[in-house]
Amino acid sequence: MSEAGEAAVDAVEAVAERIEAERSHLTELDSAIGDADHGGNMARGWAAAAEAVAELDDPDPATVVKTTGKTLLSEVGGASGPLYGGSLVFASPELSDGLTAESAVAFAETYLEKVQDRGDARVGDKTMVDALTPAVHTFKKSIETDDVEPIEALSKAVAAAERGVDFTVPIRASKGRASYLGWRSVGHQDPGATSTLYIMEALLDVATEHVEVPDELPDHADSPTIPDAEADDD
Ligand SMILES: [Mg+2]
């Protein structure tokens, strides 16, 4: 399996583990302003996705992402299936030519656009978009303007997502089930923004273990390479 394909499979597994670990917390958040199914739905969907990608024969990142998205679409109920899964399927072709800093930015932007369109949500609606938007913008700016290493760009994106999650607490929901609560949604952290942060944190963990310097990135060719971290038990 290619290094990038292996990293992608590891990433799905890491997300599945993280979401499973946060299952009760996500359910608790969704109990306050939703229908208390976010933890269970996401844990079931990502566990199925991890199983599905583990069975792929010599996968590339785009195939791993597409398979993950399709599995989430069929396993995650409610609005989350299309939002998390459908958007992954839609954005997966951005990685067809491999995983580079540039293709990662294109993928992130396409994913964000699709989530916004499907959810008809913008920043300030108290949804996953509040975490995703600053994260994607920060990632893009870090790569394209500030010319930082992809791993540092991802780290900055995670920090931006975290601030986005905090931003959802004091605002009133205007999209999704939480919007039915009106002002009573104020003071509660959005579960979708929170799971989006957890997904990104898991991606950062895996990326840190798999940092490589592809030939396509001459600007970063002299950057330090983190050697294969602890080999997993597979
Ligand atoms: Mg729900």
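Hi everyone, let's start with Leu99, which counts as buried because 27 C-beta neighbours lie inside 10 Å. Buried here means that 20 or more other C-beta atoms lie within 10 Å of a residue's own, exposed means 12 or fewer, and partly exposed is in between, with C-beta atoms placed from the backbone.

Before going on, a word on the source. This is a predicted model, where local features need pLDDT of at least 70, side-chain atom pairs count only at pLDDT 80 or more, and totals for chains, interfaces and linings use all residues. Residues are numbered from 1 along each chain as its sequence is written.

So where does Leu99 sit? You'll find Leu99 in the loop between H5 and helix H6 (101–119). Helices are DSSP runs of H or I with at least four residues, strands are E runs of at least two, and both are numbered from the N terminus. Leaving aside residues up to four places away in sequence, Leu99 touches Ala4, Pro61 and Ala104; contact means C-beta atoms, placed from the backbone, within 7 Å. Glu13, by comparison, is 86 residues from Leu99 in sequence and 18 Å away in space, C-alpha to C-alpha.

Now to helix H3, residues 38–54. Its 17 residues should span 24 Å at 1.5 Å a residue, and the end C-alpha atoms are 24 Å apart, which agrees. The expected span is 1.5 Å times one less than the number of residues. Buried residues of H3 include His38, Trp46 and Val53. What covers the buried residues of H3? The cover includes helix H1 (3–21), helix H2 (23–33), helix H4 (61–75), helix H5 (80–91) and helix H9 (191–210).

Two packed helices are described by the angle between their axes and the distance between the axes. Axes are lines fitted to C-alpha atoms, for helices over the stretch in contact, and angles run from 0 to 180 degrees between N-to-C directions.

H3 and H4 pack at about 140 degrees, with axes 8 Å apart, and are therefore oblique to each other. Angles under 35 degrees count as roughly parallel, over 145 as roughly antiparallel, 65 to 115 as roughly perpendicular, and the rest as oblique. On the H3 side, Arg44, Gly45, Ala48, Ala49, Ala52 and Val53 make the contact, and on the H4 side Val64, Thr67, Thr68, Thr71, Leu72 and Glu75 do.

H1 and H4 have axes that come within 8 Å and cross at roughly 25 degrees, which makes H1 roughly parallel to H4. Ala4, Gly5, Ala8, Val9 and Val12 of H1 meet Pro61, Val64, Val65 and Thr68 of H4. In H1 overall, 14 of the 19 residues are buried.

Finally, two loop residues. Ala36, in the loop between H2 and H3, has a positive phi of about 60 degrees although it is not a glycine. Asp147, in the loop between helix H7 (129–144) and helix H8 (150–168), has a positive phi of about 55 degrees and is not a glycine either. Ala36 is partly exposed, with 15 other C-beta atoms within 10 Å, while Asp147 is exposed, with 11.

Methods: Contact = placed C-beta atoms within 7 Å.
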